[in-house]
Amino acid sequence: MVHSTCLAVAGAALLLGALPVHAGLYPKSSAVLQINGKNYDREIAQSNYTSIVEFYAPWCGHCKNLQPAYEKAAQSLAGLAKVAAVDCDEEANKPFCGKFGVQGFPTLKIIKPGKTPGKPIVEDYNGPRTAKGIVESVIDKIPNLVKKVEDKNLEAFLAESNETAKAILFTDKGKTSALMKAIAIEFKGSINVAQIRNTDKEKASLALFGIDKFPTLLLLPGGKEAEGIVYDGELKKDAMVKFLSQAAAPNPDPAPPKVKISKPKKDSKKASKDKEAFEKSSSSQASSEGKTAAASATEEVLEEEATESPKPIVEAEKPIVLPDPAPPIQILSTEAELHAECLGPRTGTCILALVPETPDELSTAAVGHLSDISHKYVQHKRTIFPFFVVPASNPGYAKIRESLNLDPAFDVIAVNGRRGWWRRIQHWEGKITKIDVTEEAIENFIDAIRLGEGAKGKLPESLTPEEAVIEDPNPAEGTKTETKEAVTETISIEEVKTEETKSAEPEAKTKSEEPKAKESVKDEL
């Protein structure tokens with residue numbers, strides 16, 4: 001029965017993964033830029049902007065979970081940096097993904113301009129898989145071409161390349177904003193961009209240009225006789241670029257296409273090896289996702305140094321080792337198993353995934369995340385309370401759902417039979433949704449339980465009966481008798497010790513205290 005339920009969960013995952021995907025995860029209308037091996041050089045490598053690139057496969061569960069956050073990050077970074085994605089499941093893209101050492105999905109890499117044009121620096125992104133985390137990390141990697149000017153070096157800044165236009169932002173802030181960094185990148189080589197902070201030390205600079213409100217953007221077109229022009233519009237990139245364009249044209253992005261020159265054909269053996277290595281890793285992850293009934297996270301074990309593109313290739317003598325796929329968590333098929341593991345008077349904390357008769361995408365993904373988290377604890381040799389799947393076929397499933405008023409379709413709860421408490425995973429929208437059962441959300445829930453944080457409810461007594469209520473269908477003869485004898489024997493030993501330390505007491509009094517002794521032994525156990 002356990003095996004059949006496992007197959008049902010895995011089958012549901014394979015069915016969901018087998019649905020046809022025609023346009024990848026990001027449509028043409030998306031803020032995420034679609035790139036491949038042909039347009040990477042123009043869109044990313046030749047760009048003056050920092051980029052983050054996601055290498056994904058449409059069937060990857062973790063890639064689907066990341067999609068909303070990645071879309072949101074792309075919208076937030078519009079005009080400041082590039083957010084791109086590569087569909088590594090497309091045949092034409094497999095050699096390209098292989099060159100970047102992609103071994104699992106999703107793989108995120110931050111690509112920032114290097115000293116040599118066309119040869120950017122490529123770094124692995126290992127930060128949070130959230131929109132906020134991605135945005136903050138990318139902004140931190142944007143090159144700062146804005147020069148900070150003070151009274152003491154203002155004259156030198158103005159004299160430098162006198163014929164070149166200059167733009168100065170007068171502001172109360174000391175830190176250069178991502179917007180000003182983007183403006184400087186937009187006019188790199190044509191307009192020198194600077195920032196002067198409004199402090200007591202910079203009074204001469206403010207008086208020279210007659211600045212009395214902040215922020216103020218001033219354009220100096222260039223030349224000795226040119227007068228400064230004050231910008232009076234909103235501090236929005238498009239409007240600011242239009243204003244500064246009267247002095248110089250912004251840099252084209254993407255870069256204009258290069259003139260094609262016929263060259264000898266490159267050795268196709270290297271590209272073939274890259275493709276073969278990538279396909280092997282890709283098929284391995286796809287297979288493991290089907291077995292574990294959910295997407296399994298694959299991490300690159302090798303720690304790469306920041307390398308230059310377009311050939312950020314992992315050295316052959318340092319192969320990337322893929323971690324073993326997470327085994328599926330145990331299924332409690334009977335009510336007796338449920339009470340023995342989690343709802344008995346002596347059981348500790350358990351995490352229970354209550355799965356409907358026909359597993360859907362939500363429950364399948366959540367069970368997969370629980371498998372991954374459990375596997376992580378095992379790999380790091382850390383102890384954690386057990387995780388179990390309770391299918392709808394288990395009679396205890398309906399009792400738990402009814403007694404605790406849980407979601408009729410699927411839910412994740414923590415219970416402790418010995419202490420008599422339970423707690424449900426957070427439902428942010430009133431009912432359980434995808435955002436409630438992401439790997440990050442489940443890990444936060446488990447950490448809160450482990451640290452004793454958050455409110456807990458009291459388990460109804462109907463869910464935690466005495467051990468005698470839930471018995472094995474075919475108990476071995478003499479089991480109950482042996483248990484009683486064991487308790488009696490323990491009590492006898494305690495009585496002997498009492499007699500040795502105290503004066504002899506009447507036998508009748510000892511027998512009258514016997515029930516209390518039994519009760520205290522039970523409490524201790």
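**Aromatic packing and sheet arrangement in the predicted model**

Beyond its neighbours within four places in sequence, Phe-96 is in contact (heavy atoms within 4.5 Å) with Asn-36, Gly-37, Tyr-40, Phe-55 and Val-86. The model is predicted, so local features need pLDDT of at least 70 and side-chain atom pairs count only at pLDDT 80 or more, while totals for chains, interfaces and linings use all residues. Residues are numbered from 1 along each chain as its sequence is written, and side-chain values use heavy atoms, with hydrogens and water left out.

Phe-96 belongs to helix α4 (residues 94-99); helices (H or I, at least four residues) and strands (E, at least two) are DSSP runs numbered from the N terminus. The relative accessible area of Phe-96 is 10%, so Phe-96 is buried (buried means under 20% relative accessible area, exposed over 50%, partly exposed in between, with a 1.4 Å probe and protein chains only). Between Phe-96 and Tyr-40, which are 56 residues apart along the chain, the C-alpha separation is 9.5 Å.

The whole structure contains 11 aromatic pairs, where rings of Phe, Tyr and Trp (its six-membered ring) pair if their centres lie within 6.5 Å, and planes under 30 degrees apart count as stacked, over 60 as edge-to-face and the rest as tilted. Phe-96 and Phe-100 form an edge-to-face pair, at 5.1 Å centre to centre and 65° between the planes; both residues are buried. The pair formed by Tyr-231 and Phe-243 is tilted, because the ring centres are 5.0 Å apart and the planes lie at 45°. This pair links distant parts of the chain, with Tyr-231 in strand β10 (residues 229-231) and Phe-243 in helix α9 (residues 237-244), 12 residues apart. Tyr-231 and Phe-243 are both buried. One aromatic cluster is made up of Tyr-40, Phe-55, Phe-96 and Phe-100.

In soluble globular proteins, nonpolar side chains tend to be buried together.

Six strands form an open sheet with mixed pairing, in the order β12-β14-β13-β15-β16-β17; two strands pair if DSSP finds at least two bridges between them. At the edges, β12 (330-331) and β17 (457-458) each pair on one side only. Helix α11 (residues 335-343) packs on the sheet and touches β12, β13 (349-355), β14 (387-391) and β15, with its direction at about 145° to that of β13. Axes are lines fitted to C-alpha atoms, for helices over the stretch in contact, and angles run from 0 to 180 degrees between N-to-C directions. Strands β15 (residues 411-416) and β16 (residues 421-424) run antiparallel and are joined by four bridges. Ala-414 has Arg-423 in β16 as its bridge partner.

Helix α14 (residues 439-450) lies across β13, β14, β15 and β16, at about 155° to β16. Glu-439 is located in helix α14 and is buried, with a relative accessible area of 10%. The Glu-439 side chain makes a polar contact of 2.8 Å with the side chain of Lys-376. A polar contact is a pair of N or O atoms within 3.5 Å; within protein, one must be able to donate a hydrogen and the other to accept it, and residues adjacent in sequence count only if both atoms are side-chain atoms.
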